[in-house]
Each structure stands twice: as C-alpha cells, then as structure tokens.
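Here's a quick briefing on a structure worth a look. Have the sequence and model open side by side as you read.

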Amino acid sequence: MTGFLLRRSAGAVVTLFAISVIIYAVFYVAPGDVAQITCGPRCSPGQVAQVSEQLRLGDPVYVRYWDFLQGIFVGQDYSTGTSVEHCDAPCLGLSYQSDQQVTQLILAKLPVTGSLALGAMVMWLILGVGTGVLSAWRRGRVTERVLTAVTLAGMATPVFVIGLLLMIVVCGQLALLPFPQYVAFTDDPQQWAWNLLLPWLSLALIEAAKYARLTRASMLETLADDHVRTFRAYGVGERSIIGRHALRGAVAPVIALSANDFGTLFGGAVLSETLFGLPGMGRELVHAVRVVDLPVVVGMVLVTGFFVVLANAVADVLYAVADRRVVLS
C-alpha cells in the first residue's frame, strides 16, 4: 500500500505540473498581445507599452513561468503603481481590475462552491446508490420499471429545468424552502444547510440517475456470480447477500465515477451558481472572463484543476481499499 500511495502521489504532482504549464501557455502565450488584451481596446499605444512593462512581457517565456511558479511556492512582490505589495505563498498574482490578491479572492469564493459540490455529491450518492440497490433487489417487478423510467427521465433533464421547477413549486407555490441565499456555515450551520438544500437536490436528482443505473448494473452482475448462488444454496438470506456481497461489488465503480463528477461539478458550477444566485467561483470566473482579468481566470482554472486531481487521487486510495487487487497493479 505504501508503494501504491507513493506512485499515486508522484503521478498527481506530475499532473499538476503539466496542468500549470498548459494553463500558463494557453492564457499568457497563445493569445498573442497579452498587454493589449489586458489593457483593453481603447488603450493608447503608450498605455499598452506601460502594461507590457508591468507584466514583464519582454522577458523570455520560461523566465515569466518561473516567476509564476516562484509566486506559488515562496510568494512575490507586485507593484500597484504607487507602492509595492507582497503576496504571500501560494500567490496567484493580483487582479487587474481590483488589485486584490487572487488567492484571497478565491478563498472568499471557495466555501460557496465547495459547499455546493460536497453537499450535492453526498445527496446524489445516497439517492443514486439507494435507488440502484432497490432496483436490483426488486428486478423484474413494477418497482424496477418505475425506478428505471425515473432515472432515465432524470438523466435527460437539464439542471436549469429541474432547478427552475423546484424553485417555482417548492419555494414559490408551497413555500417549503426559502429561495437560495448563501449563509456561511460558521455563521449559522442550520441556515447554511437549509438555504443550500434546493441547489443540492436539483443537482442530485440529475447525477443520482447515473449512479442508480451503475449500481443496478454492478449489483446484477455480482448477483449472477457462482459464489452468490452458493450462498443461496446454503440458505443465506437475500438481504444479507445484497448488503454484504453485491453492494460491495458495486462500490468500486461508484467511487471512480464520483471523483470525476465531483471535479466536473467543482469546475463547472457556473450554471448552477448563476441559476440560484450563489456567489461562488463559477460566477466570479464568468465575471473575470468578461472583463479579461487574466490572473483571476488563470488562478481559478488552476485551483479547479488542483481539486480535480485531488479528488481522483482520493478516489484511487478508496478504490484500493475497496478492491485490494488495485494495489498490485
């Protein structure tokens, strides 16, 4: 297990380094005249030259990339025009629009997106795995047909449709839940969960459909194995077979899929945060792209990549715990 963890950790570090190179190249090398893009279309040649000097665009690309990495690991000093500001590590630069440190900006938005992603993942795992287990247990009956139809409908419905319907019905007509408004967990844990319940449910209803079908298929495959038939021949109860054997066989693929979906949700929270008015990283990223605030865009994309890699690394470890054969691969 130690060797397996070391290999996965090394792979995660290499992946993060590759992500940083690609992100830096895409946003700071490929666009062309970064100074003109940063300054805006109405800037004079003199203003563009001044921005180019502040960004040190005359230095070689590898020198600028080294400065970028140096800022992440040891911090960096930035000139704000009238003074010099020190940005502590991990430093992702200063916003062109507000002169605010990108790291502080991300840390202010991270709890919102993190709360949305983690809560939705827990809910879709409970709903999806539970539905899949029930569907496999009641296979060939009316219950399975109904659950299959519901999961197919959930997979085919966009999140904004379900979100709008739930807000109209649950928040508007029935007044069972408040319209989502983010409250920090440290301020009021109960209101934090109460206000995020609707966004969690909207995302979970869609994602749970995939997990229900995956769990059902994995369990049906396990239930058809020879050792399960042997258990039945020895009189082992069906509930014990499903809970102790079939469900364990369905855990590994669910872990792998949940890591990918968590990363996708974390990086693609733009639509859900915009729909529910949540001030998270998705909305801030849209604003940064609109005003061409490259340090904010690069910082948020890099942080999103970090959480995607982290989620997959954790999934690898959990996968190895669920199936010891993975350690030997």
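Apart from neighbours within four places in sequence, Asp67 is in contact with Arg56 and Gln76 (contact means heavy atoms within 4.5 Å). Asp67 sits in helix 4, residues 61-74; helices here are DSSP runs of H or I with at least four residues, numbered from the N terminus. Asp67 is buried because its relative accessible area is 12%, where buried means under 20%, exposed over 50% and partly exposed in between (1.4 Å probe, protein chains only).

This is a predicted model, in which local features need pLDDT of at least 70 and side-chain atom pairs count only at pLDDT 80 or more, while totals for chains, interfaces and linings use all residues. Residues are numbered from 1 along each chain as its sequence is written, and side-chain values use heavy atoms, with hydrogens and water left out.

**Salt bridges**

- Side chains of opposite charge can pair when their charged atoms come close.
- How many salt bridges does a search of the whole structure find? The count is 3, taking a salt bridge as a side-chain nitrogen of Lys or Arg within 4 Å of a carboxyl oxygen of Asp or Glu.
- One of them joins the side chains of Glu284 and Lys109, at 4.0 Å from N to O. That pair ties together distant parts of the chain, with Glu284 in helix 12 (residues 281-290) and Lys109 in helix 5 (residues 102-137), 175 residues apart.
- Glu284 and Lys109 are both buried.

**The network around Lys210**

- Glu207, Lys210 and Asp261 are linked in a network of salt bridges.
- Lys210 meets Glu207 at 3.0 Å, N to O. Both residues lie in helix 8, 3 residues apart, or about one turn of the helix.
- Lys210 also meets Asp261, at 3.1 Å from N to O. This pair links distant parts of the chain, from Lys210 in helix 8 to Asp261 in helix 10 (residues 238-267), 51 residues apart.
- Why does Lys210 count as partly exposed? Its relative accessibility is 28%, whereas Asp261 counts as buried because its value is 10%.

**Cysteines**

- A whole-structure search turns up 1 disulfide, defined as a pair of cysteine sulfur atoms within 2.5 Å.
- Cys87 and Cys91 form the disulfide, with their sulfur atoms 2.1 Å apart.
- The torsion about the S-S bond of Cys87 and Cys91 is about 110 degrees, so the disulfide is right-handed.
- Both partners are buried: Cys87 has a relative accessible area of 0%, and Cys91 has 1%.
- Cys171 is buried too, with a relative accessible area of 6%.

**The nonpolar surface patch**

- Phe160, Val161, Leu164, Leu165, Ile168, Val169, Leu174, Leu176 and Leu271 make up a nonpolar patch on the surface, with about 780 Å² of accessible area together.
- Patch members have over 30% relative accessible area and no salt bridge; nonpolar side chains (Val, Leu, Ile, Met, Phe, Trp, Tyr) are joined within 5 Å, and like charges within 9 Å. The areas come from the Shrake-Rupley method with a 1.4 Å probe, and for residues only the protein chains shown count as cover.
- Which helix gives the most to the nonpolar patch? That's helix 7 (residues 159-173), with 6 residues.
- Leu176 is in the loop between helix 7 and helix 8 (189-223). Leu176 counts as exposed because its relative accessibility is 51%.

How values were computed:
Helices (H or I, at least four residues) and strands (E, at least two) are DSSP runs, numbered from the N terminus.
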